[in-house]
Structures are given as structure tokens and as C-alpha cells.
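Here is a friendly walk through some of the labels used for a model.

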Amino acid sequence: MAEKERGDVLQGTLDMLVLQSLQLGPMHGWGITERLEAGSERVLQVGQGSLYPALYRLERQGYIASDWGTTENNRQARFYKLTPSGRKRLADERATWARMSRAVDLVLRMGEG
Amino acid sequence: MPTIRDAVMRVLGFARRRTVERRLDDEMRFHLDMLTEQQVRAGRSPSEARRAALAAFGGLERFKDDARDEYRSRLLDELGQDTRYALRVIRRNPGFGVAAALTFALGVGASTAIFSVVHGVLLRPLPYKDPDRLVVVWERQPGRGNDRNVVSVPNFEAWRARARSFERMAALVPSPATIGMAPNPEHVMGAEVSPGYFEMLGVTPALGRVFARSEERDGGGDVVVLSDGFWRSHFGADEQVVGRTLSLDGRPHTIIGVMPPSFDPPQFSWLNDQAFWRPFVPTDDNRGWGRFLLVIGRVKSGVPVGAALREVQGIAAQRATEDKGNEGWSANIVGLSAQITGDARLPLLVLLGAVCLLLLMAITNVANLTLGLVRRREHELAVRRAIGATRGRLIRQIMTLSAVVGVAGCLIGFVAALGGIRALVALLPPETPRSDSIRVDAPVLLFTASISVAAALAVGAVAALRGGRNGVASLRESGGRGSARLRGGSLVTAEVALGLVLTVLAGLTIRTFAELRSVDLGFDSEHVVVARVGVSGPRYRAPEVRAAFFAQLLSRVRALPGVQAASAVSTRPFGGMGPATTIGDAASAETADSVEADVRYIDADLFRTLRVPLVAGSTFDTHDGPDTPPRVIVNRTLARRFWPSENPIGKRLRVPMFGGIVPEVIGVVGDVHLMDARTPARGAIYLANARFPMDALDLVVRTNADGASVVRSLQAIVGALDPSLPVYGVTMLDDTVGRALARDRFTAALLGAFAIVSLLLAAVGIYGVFAGDVAQRRKEIGIRVALGAPWGGVIALVMRRAVTRAVSGVALGTVAALLAARAMRSLLFGVGAADPVSFLGVATLLLLVAVAATLVPAVRAARVSPLVAIRTD
């Protein structure tokens, strides 16, 4: 099963990115991938193989909730939205991410005096 | 508490399975549609777009799998699914299920049964303390190829006193005795053992004590230790038995101890059941008896057996200089376990090897069946793979299928083996050592479990890797069209090769058995009753009395109705080892030209009774008595050896017995196989029992009456002569001869059965492969028929493949069979390990089986209608 997912998202950041994309409002799985791709100027590509398990996991953990809804072109789709605990989780993750990325940044700049 | 919530969700996941599945389906379909739309917008045709979307999606099924994971523990779930799938497949193909399970059962059952025997007889440690340090110490005559000779008392004493490598050393000698009183005397087998023997084995008595060192120093004394069985049968398991007396050969012995039921004394071919033990004490008398002791030693821990061997050989070299009788003699050490299992080892190992081959064939056949099944479902597999089921998942499903079949087969096989073991033990040759330790226990169960797992895994692996290949590739490649390659061809080769090895081994052992049966034994064993009568006690001390007793006994037996002839011999033919000595021609110099020859003491009528031809001269007569000059009858081999071109009658032999005698040759008789059919007859001399009266003789009675009634009359006659004498060792001579072939018969019968089964398995397996092959190539064959291929041509087309595979199987099998036959060469008789008749015959047989098994599919192929060619899938 050596199948490479295209444009993997950094390990461990997918949950945060999904939650962030739902910050903009409820969305179905397909829409989430579009949001992420568009938002990252097509740098980040989320494979469905990662996305749906992540969605199911987040829902089970209570960070997002889902329900059937209708898309703009009148199709049935499952829409996901942030729960209050999801918002809190997103805030936590963002804080952690900011701390981590600053730390990494600092290290990378060490040589530049 | 996230863990509790997780658990709840997981349970919910199982309960809400269908809801979850539907939601997944809907969600995935929506996603796929969106992807397709995107592709269409990018300018592709709808069908192209769909394919691209599928490709981009990377397999619908797999994501469903992954997503499902979030709801339940996946492995368990998949195992359940796969098992249900397997059961569904088997339910839809009951023929496959039954055939596969039964074939499995056959392999597992047969291997379990044989392994339990091998384990009981060969592998289970002997029931003594540190049994691998126990050894038998033999004398050995390197010059004569005599490796295991019993030991003389002075040599035993020298080894025991001088060797530092041994913790203990003890002598053991068979000691038959007559117990009880008239009118119910009984002959029982016991043994004399050195004090310290039981301690050396690490066993302690259940009651009383065993022999003390002082008993050896003080010259023994009349004490006896009883076996548990004898104590129960003759003393009613009396707890107060210690101190009571037991009469052995008319002498009272004090019972000092009883061994526990768990004590299983070491048994040797000439010393099996032991009812009691008496102390063995070296005396001036028995120091002069020559070699007759069995010596067992316990090598000190930390001392390698090789070092112990070198030490006793050193002592034997000293002894050779100390005593002229030890010239040319050395010493030898054999592990006790190897000594006891001895001759039984190789046949059992051959059978174990053969049954493993049978198991391999069974595995091959089940793999073949499973492969066929998988291939019939190839299209389904390809579709499922295309829509995203992973390769691993498909392989796991096939493995589960073989595991389900395997479990069923192993259970059936194991139950069958339980019955089979009982039958096998009943069939075992009577002299098989340790047959009472054959049972199904943890090691046997472990063996069964591990071969079962290995078998199921092997089947699954073959089916999954070869059958899954196309399913795993792509939909395009499969689709029911036949490939030019013969699928399962290597299985055909394997079947033929394995079948050939088994059948060749069976052929060789069956020919051996036939050869052994056709050996001219030199005597006629039909309608001959044999029974042993022994005299003991002070009344028979004088040789004349012994001779007179047997003469009178024989004259009364000859008068019985239905008795045609009656005689007596010191050791009956096929009755085990008798005395032997070194004989020389009295006319030539002392040591030169001497040969080892068997010695038998006989009544004059022996040759007529056993129908041994008298070649020259005459037999003994009334001139042979206690004080007459000794005379001798020799066999043809000995006569040829000493006097190839002269008349042997009137010549003299030098016999180093009875202080050295020089008897005159009065007759020459035909060679008789005294030991067994396998051992070629060697030189033998017959001395008159009237001149050298023995205290026990085998009576041989040729009769046309019922054997049992003759035995009853015989017992009555002995009872009338002396009611304190037992009659024992009663058999028909025919049965004794038959029993001597029991092991060869057992091996030949089992290998023969294995060979028949292997031929059936090969036929079924080859049939399966070619039936599948023809079914798969119906279209190609149809085209050929449509183009005018003749009937015979189509058959030849199918046959050619079969024969090619069978020929390579024959080549492979012949090489393997040659190696296997070489390894079991010592079991063969009258037939070479590379016997061309067996090899060619079996190779032809296997080719015929392959052709026969292919014939039905080939004929079916020839009947394929040309219409098939124009039909589409």
C-alpha cells in the first residue's frame, strides 16, 4: 500500500487547519479541501484519505458537529461546523503553533547574527 | 473523560453500523461527484472526468475503510467480516469446503498420529534422573566388526574400579526364575542388578529398601525387590509384604522392597518385562563365565561422553595386556536412550519423514483448491480492487478463507488422529520399545497446532500471492480470458515429485518385505509347536538326571496322538541370541583360521522335526551319552569354510568350550537362519544334549493336531514328571517367524498406505489443475476447433502440458527419492537403494496417474463447441 498522498499537510497540523477552515462558516468535506487549497495558494493539498478520517475523529471528539444540508447548486451534502469546544481547541492549537513557529524561526535565524 | 466517550462511541459505532455505512457512502459519492464536476469544468469528457476523479480520489473503498476506523477497532472488525466472507464463500462452494477440510484433516491427522508414536518412542526423555548422562558400556571387537558385546565380570569390575568419569556403574543380567510351588509353577523374568543400580537410575522404592552396598560385599544373600505389577498380581498389593518370602527356583528369598508403579526399567531386546530384581554379585564362579553382563553407567556431570569413552578404552587396553582372553577387545559407549530405541529409530524416522511429505501434498492440494476458488472469483476481486479495496485486505481475506478451512480440517484431523494412534499402537511391532509411553499430550498437541498453523499459512500464502495477483493488478488484464501460461503448473510438478518419493519408498520397503518373506530359512516352521521347559534345583544337579528327564519327556511327547515328530534344542530358531564361540579346524595351527560360529545343544531328532536337510553323515544316536567322546554336526557354511574340497565327516573341530574339546564331525546339515531372515546364516555347530545336558530346552513338536491341545498334553506330561516345573514360552513356530518380520511389515504397510493416499492426492490435484486450465481456455480451444483442429489434436494440446509438468516432477522426485532411499538403506533387504525396477516402475506409474488425471479435462476440451469462439464474455 505504498501510495503517496499528494501534497501532504504537515503532520499534526491537519486538525488545526480543518478547524480554522470551519471558522469561516459551516462547510462540507469537498468545500473544506477547496478552502484549504485556495487559502494556501494551492501549496497545501489535503488528501481525502486524511480529510475524512480527520473529520470523523474531530466530530467524535466533539470539536465539530455535522448535519445534512443543501449546497448552492442544490445538492445534499454533509456540512460540518465548529462547536464551542472546537473554537477553544482552535485557539489553543493556534497559540501552540505560534509559539512553535516563532521558536523554529529563531533557531533558523541563529546563523544570521 | 475522553476514554469513556471513546468507548461509548465505539460501541455506538457497532450498533449504528448501517447508518454509518450509508453516511460514508453518501459523503464519498458527493465528494467524487464534485471532483468529477471539477474535471469536466477543466475540459474533459464526463467518462474521462469520472476516471480521473476516481484516480484522484485514490480509491473509494480504502477511504471508507479508513474513515470507519474512527468508529471501531478495525482489526477485530475486519477479522469478523473476513470470517463471514469466508463462511459465505464456503457455503456457496460446499464441494470446495468439504474437499479442502478433509484433505487438511488427512494430512494433519496422519502426521499427528505418527508424531505421537515418534515422540513416545524416540523423543520423550527416559523416566530417570538426568537420563542423558546414562550410557551403556559395551565390549567391542574392532577386528570383527562387533560393536556391542556383553561384558565379562572381570572387565566390568576393572572398569568400575578404575574409571573416574562415572558417578556409578552397574551390571544387569537377565534372571529368569520359577516361582511358586507345585502344582502351579510359573516362569517369570527378573534381573540381577548390581547394588547401586536403582540409585544410579535415580529411582527409589515405594516400600522397603533396595540393595545395600554391603549386600555385594557379603556375597548377596537371598533378597529380592519386586516390581509394582508383580506385587499387585502375586501379593495383592499387600503393604506388609516387606519381610515376607518369595520362592525363586525353590529357594526362599526375603522381600526387601517394592518399586513404585512409575518405575519403568530399561528394556533391551533380550530383557523386557522384569518382575523382580536380585542383587548381582561377582563371584569366582561367574568371573569365569565369559561375557554375559549388560553394563550401564552414569557419566559424571561435566564429563563429556567422549572423555568417558576414551577412559574405558584405555582401561580395556590395560585389560588386554593383563588377560589373554581380552586380546583384540576394546570398549564402546552408547547412550542409554539410543540403545533402547535402537532398531526402532530409523523406521520411525522414515515414517515421520514420509508423513511430512504426505502433509506437504495435502497442503499442495488444498492450496490448489483454494487457488482455483480464488481464480473463479478473480473478476470480483479485480472489481473490488479497482474501487479501492487494498491489496493487503484482499490477501487477508484469502488468508482468512484458508484459516477457516484449516481450523475445520485440523479439528477433524485431530479427532481422527486420536483413533488413529490407538490403531497404530495396536499395529506396532511387538518388540517396539517404550510403546506404552505413546499418548497425546502437550508436545503432541503443540506439534499438531504448529503444523496446522503452518499448513494454513502456506495454503493462504500460495493462494493469495498467486491468485491475488491478477485481482490485484487491474480490471483490464483479467476478465475471464485465458492466459497462455498453465496456471498451477508448479503445483502439478510438486504433486508428482512428492508422490514419486512416497511411492518409491513404499515400493522399496514392500519389495524388502517380499524378499524377506521369500528367504529360505532352512527349516519348515509350519505346524510346529514350541515350548520351553527348564529344570532347576538340587534334584537336577547331575547332568545324567537332566539328560534322562528330557529323554523321558520327549519319548512321552512322541507318543501323543497327532505328533509326527518331537525334539529339543537349547535355543529355538528366531528365539534370540544363543551361545556362540570361536571354532577352528583341529588340523590347523592354534589361532589361525578360526571363525565365529553359533552353538546349539540338540536332541538327535531336531533336523527331522524341523525338516532341515541332512547333507552328509548322520545325526546323533545312542552312542552320545554323558561320558562318550564328544561329536559334532556342522552346517554347510562351516563345512565349506574348513573343508571346501574334502569330506568333512571324520574331521575334528577345536571348540574352546567345556575347557576345550575336539569333537569329531559326524554330519553336515543345511544352513538354518537361527536369528532372523535378514541375518545371513553363518557357521553353526550342533552338540548333543545327551552329551552336554542343558537345564532348559525348547521342545519342538511337529503335529497335525490342534496346537493348543498339544500344549495342554505337554503340560500334563511335564506335570506328571515333575509338578514343580513350569512350561513357558509357548508359541507356534510360524508365529515367531512372522513376528520377526513385524517391523518390516509395519513399515511396508504404513508406507504402502501413504503411497496409495499420495497417488490419490496427486491424481485429484492434477485433475483440478487441468480442469481449471481447460475451463479457462475454452475460448482458445473453441477457436482451434472452429479452425478445424482434430479431436486428437485438442487432447494432445492439453496432454502436452500435463506430460511436460509430470516429467519435471518425475525428475525432481527421482533425485529426492534417491537421497531418501540412501538414508534408509539399512532397512532394505534384497533390493538396492537405487533399485532401477522400483524407480522406473514408480516413475511410469506417476506419469500414468498424471495422464489419467488429465484425460477427463482433455476429453472435455475436445468437446468444446466452436460456437464458444464467437460468444463474448
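Two strands count as paired if DSSP finds at least two bridges between them. The model is predicted.

Q: How do you know that β2(A) and strand β3 (residues 76-82) of chain A pair, and which way do they run?

A: Pairing needs at least two bridges, and seven bridges join β2(A) to β3(A). The two strands therefore qualify as a pair, and they run antiparallel. Across this pairing, A:D67 stands opposite A:F79 in β3(A).

Q: Why are β1 (27-28) and β2 (64-70) of chain A said to stand at the edges?
A: The three strands form an open, antiparallel sheet in the order β1-β3-β2 in chain A. Each of β1(A) and β2(A) has a single partner strand, so one side of each lacks a neighbour in the sheet.

Q: What makes α6(B) largely enclosed by the rest of the structure?
A: A residue is buried if 20 or more other C-beta atoms lie within 10 Å of its own. In α6(B), 22 of the 30 residues are buried, so the helix is largely enclosed.

Q: What span is expected for helix α6 (residues 94-123) of chain B at 1.5 Å a residue?
A: The expected span is 44 Å, and the helix reaches 40 Å from its first C-alpha to its last, which is close to that value.

Q: What pattern does chain A follow along the sequence?
A: Chain A has four helices and three strands, arranged as α-β-α-α-β-β-α. Of its 113 residues, 30% count as buried.

Methods. Residues are numbered from 1 along each chain as its sequence is written. Chains are lettered from A and ligands numbered from 1 in the order in which they are written. This is a predicted model: local features need pLDDT of at least 70, side-chain atom pairs count only at pLDDT 80 or more; totals for chains, interfaces and linings use all residues. The expected span of a helix is 1.5 Å times one less than its number of residues. A residue is buried if 20 or more other C-beta atoms lie within 10 Å of its own, exposed if 12 or fewer, and partly exposed in between; C-beta atoms are placed from the backbone.
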